[in-house]
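Let's take a walk through this model, starting with the whole chain and then stopping at a few spots inside it. Keep the structure open as you read.

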Amino acid sequence: MSAEGNLPQDFPLFLTDADVAHLSDWSSAIEAIREAYSTDNDELRTPGRIFAQSPQEWLRIMPSAPASGKVFGAKSIAGSFTDGLTVSYLISLFDKNTADLVALIDGNRVTGLRTASTTAVGVSTIVPQRAMRVGIIGSGFEARSHLTAFSHLMKFADIRVFSPTVANREAFAKEFDGVFDAPALAVGSAREAVEGADLILCAARSRNESPTVQADWVGANASVVSIGSTTPTQRELPVELIGRASTIVVDTYEEVVHDSGDMIAARAAGIDVDAVVLPLQAALGAERQIDTETGIRIYKSTGSGLQDIVVAEMLLNRARTEGVGTALPVGIVTSRK
């Protein structure tokens, strides 16, 4: 944390990864996401991702001009294959009224914070209001962050976790056992984690891009969360499960429906996904009544710049209040055209 105290308001603020760790707050991030998706945001405000790539490097830009808040901007993700894969994240924020640069933020932790916060908001629209049995596939960062975010909006009866490495799943169970007033248990197979679960979190990529769960493991009235299939070549859910779904809530309609591997495979199998897909904004606005007790409900996400920008603005506001961050001694030119 780089506390400066009485930070100048007329120069851009830089927030390091340590600053973001200090400022991160699940409740505030969840509320920022809920507000953003409860406001009218059309696709012109948050267009699809922009890619630039070569065999050596790639760059992904995720822009957004949210209807809510006072800033707009973009997250840039830069990757290099020169020595394995190395990746860095940078969020730039600009004032809506002046177009002045107001902040540069290390986006590493922001990505995890906004993803799990958005998932929690989305899942809250499809799960029943009672303590649930939770089954988790995966024991890494995404599994941890999502379970923690869920705890702010849901109650758990018990938690079962599977990952291929015994030590990892046992460590996860030990870490979360009793933390959310529910026992956590490591189990020996994905099927043991999924069968009988009210809420299933898929938070592990398969090695061969095949589904990590099977349709016949999933109960008739379960909710399923899919966060790992975000490109056309990635798979996480079997087409049979998508075909059984009564509702699929998505964070980004075009990218999930047309550009995620699971949905592409479902369409190819003749499943009418458009008939059951509901954008998160519509789910929060109750445009279609969701039966949270009956039928399989799925929440599926690919992420968007909207999520990055609204959570980054929340962090910026907290930084200014607490005097956290580094005021840059220079800015960039803002010219009048």
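What follows goes from overall shape to cores, and then to some individual residues.

A few ground rules: this is a predicted model, so local features need pLDDT of at least 70 and side-chain atom pairs count only at pLDDT 80 or more, while totals for chains, interfaces and linings use all residues. Residues are numbered from 1 along each chain as its sequence is written, and side-chain values use heavy atoms, with hydrogens and water left out.

Start with the big picture. The chain has 11 helices and 15 strands; helices (H or I, at least four residues) and strands (E, at least two) are DSSP runs, numbered from the N terminus. For 337 residues, a compact globule would have a radius of gyration near 20 Å, and the chain agrees, with 20 Å. That radius is taken over C-alpha atoms, and the globule rule is 2.2 Å times the number of residues to the power 0.38. Along its principal axes, the C-alpha trace spans about 60 × 45 × 40 Å. Among contacts (heavy atoms within 4.5 Å) with a separation of 6 or more, 73% link residues 24 or more positions apart.

Now look at the cores. A nonpolar core here is a set of buried Ala, Val, Leu, Ile, Met, Phe, Trp, Tyr and Cys residues joined through side-chain atoms within 4.5 Å. The largest one has 63 residues, and those touching the most other members are Leu 93, Ile 105, Ile 136, Phe 150, Phe 156, Leu 199 and Val 311. Helix H11 (residues 305-322) gives this core its largest share, nine residues. Leaving aside neighbours within four places in sequence, Leu 93 is in contact with residues including Val 71, Phe 72, Ile 105, Ile 309 and Leu 316. Ser 92 is found in strand E5 (residues 86-95) and counts as buried at 16% relative accessibility. Beyond four places in sequence, Ser 92 touches Phe 72, Gly 73, Ala 74, Leu 101, Ala 103, Leu 104 and Ile 309.

There is also a second, separate core of 32 residues, which includes Ala 190, Ala 265, Ala 266 and Val 276. Ala 265 and Ala 266 are among the buried residues of helix H9 (residues 261-268), along with Gly 261, Asp 262 and Met 263. The cover over the buried residues of H9 includes helix H7 (239-244), helix H8 (253-259) and strand E14 (296-300). Just after H9, Gly 270 takes a positive phi of about 90°.

Which residues other than glycine are worth a look for their phi? Most such residues have a negative phi. Ala 99, in the loop between E5 and strand E6 (101-106), has a positive one near 70° and is partly exposed, with a relative accessible area of 37%. Asp 181 has a positive phi of about 60°. You'll find Asp 181 in the loop between helix H5 (166-176) and strand E9 (184-186), where it counts as exposed at 74% relative accessibility.

Last stop: Ala 52 in strand E2 (residues 50-53), partly exposed at 41% relative accessibility. Not counting residues up to four places away in sequence, Ala 52 touches Glu 57, Trp 58 and Leu 59.

Technical notes:
Buried < 20%, exposed > 50% of the residue type's maximum accessible area, 1.4 Å probe, protein only.
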